[in-house]
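Good morning, and thank you for joining this meeting. I shall present one structure this morning, with attention to its pockets, one of its helices and one of its sheets.

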Amino acid sequence: MSMSDTHEPIPAARPVIGEDEIEAAVRVLRSGRVVQGPEVAAFEAEFSELVDMRHCVAVNSGTSALHLTLLALGLGPGDEVIVPSFSFAASANAVRLVGADVVFADIEPDTFCLDPAAVEAAITPRTAAIMPVHLYGHPAAMDQIMAIAERHGLAVVEDACQAHAAALHGTPVGAFGTAGTFSFYPTKNMHSLEGGMVTTADADIARTLRLLRNQGMEQRYANEIVGANVRMTDVSAAIGRVQRAKLAGWTEQRIANAAYLTEHITAPNVITPRVAENARHVYHQYTVRVRGDRDAAMARLAEAGIGNAVYYPTPIHRLKPYWEPDQKAGRTWDLPETERAAAEVVSLPVHPALSAGDLERIASAVNALGEQL
């Protein structure tokens, strides 16, 4: 009899939608002010406290946050943006959506984030911006990346969609670059059912973002630029405010859960996450490397009732929309650490809903993999 026969499966992620979130949504619905109203403004103000009081502009998704940021910076055809290939496709899609070209750079093996040396090597006369991704909740090497950007006069757009409240040297992600972007998708460390946020210290960029999200208008029917409709609803913002108030506690729980797993996972062919010096990793995912038969390891974990997943099995540069044009152009990418990570990573449950018994089960199941993979 497998463990899954006697225990409920432990999901890889568990979105929180409690009574507080439901009450907040109902309150807004009863108010009749449901789009781009006072809840959105309050959410922006409260989220600003997480990013050194930068301007915050709420939108309808993390992808929209990235897309509008690149538009607000004036990026387009002829520009290049340096992006890690080891990320969700949205990171690169936003670049393509504004007509700019994606240049892929390799990652650091320990953090899974952009390697500053690879970034420097990828810069050309057409480079306009760098997009570091704080993958899994670990901050990228922003001190080094910002220094590179300043030397070359480049914008920096932080993809912090997985990294709410992460920090490096005490500075929160989203407060380093020209702009930062966050996602509030249901499985993120905090959510608003769906939504996104752009953070920036530049008031002019913030105003342009507000125009772009609302058909180019600040005053009704006084369109100043060409924009779109990517507004956040007040229902989403009200839920986001509830989640924002709980984020600190949830973050500490994620960090504690990760510490337990790192201490108790001893399987010799499983490499637990490493954290850079002076980095605050907020563990959107607890991602290990499996040296051996990863598919067999994942199947055995699933049989034991341990949810697990691979983020991301196919690097962006190998996805069809990127691979095929590069093949036609004869362009290739040398990304050995990216390829190695995509072949080895597995994410295990780390969310705040885990009990002490759940954590013990996860560690035991991983250790039971032994050396025979």
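I begin with the basis of the values and then take the pockets, the helix and the sheet in turn.

This is a predicted model, in which local features need pLDDT of at least 70 and side-chain atom pairs count only at pLDDT 80 or more, while totals for chains, interfaces and linings use all residues. Residues are numbered from 1 along each chain as its sequence is written, and side-chain values use heavy atoms, with hydrogens and water left out.

First, the pockets. A pocket here is an open set of points on a 1 Å grid over the protein atoms alone where a 1.4 Å probe fits, with protein on both sides within 12 Å along at least five of seven lines; its lining residues have an atom within 4 Å of a point. Grid points are joined across faces, edges and corners, and the volume is the space filled by probe spheres set on the points.

The largest pocket holds about 430 Å³ of space. Its lining comprises 25 residues, of which F88, Q162, S183, K188 and Y312 are the closest to the centre. By class, 11 are nonpolar, 11 polar and three charged; Ala, Val, Leu, Ile, Met, Phe, Trp, Tyr, Cys and Pro count as nonpolar, Asp, Glu, Lys and Arg as charged, and the others, Gly among them, as polar.

Which helix gives the largest share of this lining? It is α4, with three residues. Both α4 (62–72) and α5 (90–97) supply at least two residues each. Helices (H or I, at least four residues) and strands (E, at least two) are DSSP runs, numbered from the N terminus.

The second largest pocket has a volume of about 200 Å³. Among its 19 lining residues, R14, K188, R254, H351 and P352 lie closest to the centre. Nine of the lining residues are nonpolar, seven polar and three charged.

Next, α5. After α5 comes G99, with a positive phi near 90 degrees.

Finally, the sheet. Three strands, in the order β10-β12-β13, form an open sheet with antiparallel pairing; strands pair if DSSP finds at least two bridges between them. At the edges are β10 (270–271) and β13 (345–348), each pairing on one side only. Two bridges join β10 to β12 (residues 286–290), and I271 stands opposite R289 of β12.
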